[in-house]
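Subject: Structure handover

Hello,

Here is the structure I promised to pass on to you. Please have a look at it first, and then read my notes below.

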Amino acid sequence: MKKIVTFGEVMMRLAPPGFAKFNQAHSLNVVYGGTEANVAVSLAYFGCEAVHVTRFPDHALGRAAAATLRFHGVDTSRITYGPGRLGLYFLETGAVSRASQIIYDRYDSAFSLIQPGDFDWDAILTGADWFHWSGITPALSQQAADCLLDAIQTANRLSVKVSGDIYFRSNLWKYGRTPQEILPALTAGCDLVLGNQANFEELYGVEADTFDDACHRMQEKFPRIQYFTDTERESVSASHNRLTAKIFDGTTMYSSEVYDITHIIDRIGGGDAYLAGLIYGLLATDDPQYAVEFGAAASALKHTVEGDANLVTVPEVEALVQGDKSGRLRR
């Protein structure tokens, strides 16, 4: 069983039932999720030992969020509790030509108030196979960025593979530092990076004509990185997307099948589902083609699952990879 450690904030998601607009809502459905925790939940359903590291407020809502992660098979023994609030986000689910909307309310969350030294990364990462982070975490506070850097450096020292999702949510950076100042040091410790050509230019000053060329230039700047990956989404409507994925290993670009997702139930967490599938595929086979196909299929299935996290199993993903798109009733 492979052990994967993820680190990041978990929020409460509040959404009107079904496809109702905010101004129609008389009640809100509650879901707990966050990009890194979503990866952990998905990997737990794939049979991995998934450990999520975070900090919750020390009250009933924080305990409920932790209980939700445990319910889905995630190891919560490294979660801490302290002052601050639980971050929130509000989701209005769109349909057809009406786009979904998200409103964040996460200032002064318990997670953003963490301090370097709050987590014993040597103990947490000893025996781990993989560590995953995203660009949201260092956006929340200088302390969170420092804590993440400590985790990445510890993972490097312990020979734990590191993946970074560098989509960085520019509107979250409110504490006086920019992504360009913080992310390069974090990216330098990665073995796998999720990002696109525009990210590489905006964050690291890497200019190139193609994704392949941009990856080569990124490897010159960050020689530790072995893989670069990204997904491509064509939004036909809020209810109908086409999805494909690609991964570059320094010499070869591998691409997945195109998935035509015609009746989206919930697209939140689709990228997290892809990364979880990709990580699983690389750990299971070290075959980039298998990994990108598995990741893309996992992401496609996530669009059929309500909530932030992907709750499908390896046999379900592999059935889709092998071409079973019928959705036929199983008994």
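Let me start with a loop: D286 sits between helices α9 (270–285) and α10 (288–302), where helices (H or I, at least four residues) and strands (E, at least two) are DSSP runs, numbered from the N terminus. D286 has a positive phi of about 55° although it is not a glycine. With a relative accessibility of 53%, D286 counts as exposed; here buried means under 20% relative accessible area, exposed over 50% and partly exposed in between (1.4 Å probe, protein chains only).

Before you go further, please note that this is a predicted model, in which local features need pLDDT of at least 70 and side-chain atom pairs count only at pLDDT 80 or more, while totals for chains, interfaces and linings use all residues. Residues are numbered from 1 along each chain as its sequence is written, and side-chain values use heavy atoms, with hydrogens and water left out.

V96 also has a positive phi of about 55° without being a glycine. You will find V96 in the loop between β7 and β8, and its relative accessible area of 53% makes it exposed.

Those two strands belong to an open sheet of four, in the order β3-β2-β7-β8, with mixed pairing; two strands pair if DSSP finds at least two bridges between them. At the edges are β3 (29–33) and β8 (101–105), each of which pairs on one side only. From one strand to the next, the twist averages 25°. Strands β2 (residues 11–15) and β7 (residues 88–92) run parallel, paired over three bridges. Opposite R13 you will see Y89 in β7.

Further along, β10 (residues 161–165) is joined in the parallel sense to β9 (residues 130–134) by five bridges, and S134 has D165 in β10 as its bridge partner. Strand β10 also runs parallel to β11 (residues 192–194), with three bridges between them; here S163 is partnered by L192 in β11. Four of the five residues in β10 are buried, so the strand is mostly covered.

Now back to α9. Its axis and that of helix α1 (residues 35–45) come within 8 Å and cross at roughly 50°, the axes being lines fitted to C-alpha atoms, for helices over the stretch in contact, with angles running from 0 to 180 degrees between N-to-C directions. That makes α1 oblique to α9, since angles under 35 degrees count as roughly parallel, over 145 as roughly antiparallel, 65 to 115 as roughly perpendicular and the rest as oblique. On the α1 side, T35, N38, V39, S42 and L43 meet D272, A276, I279 and Y280 of α9, where contact means heavy atoms within 4.5 Å. The residues of this contact divide into five nonpolar, three polar and one charged (Ala, Val, Leu, Ile, Met, Phe, Trp, Tyr, Cys and Pro count as nonpolar, Asp, Glu, Lys and Arg as charged, and the others, Gly among them, as polar).

Two single residues are worth a look as well. T137 lies in helix α4 (residues 137–140) and is buried, at 1% relative accessibility. Not counting residues up to four places away in sequence, T137 touches F7, G8, E36, F111, A144 and L148. R63, in helix α2 (residues 60–71), is partly exposed at 41% relative accessibility. Leaving aside neighbours within four places in sequence, R63 is in contact with D58 and Y81.

Best wishes
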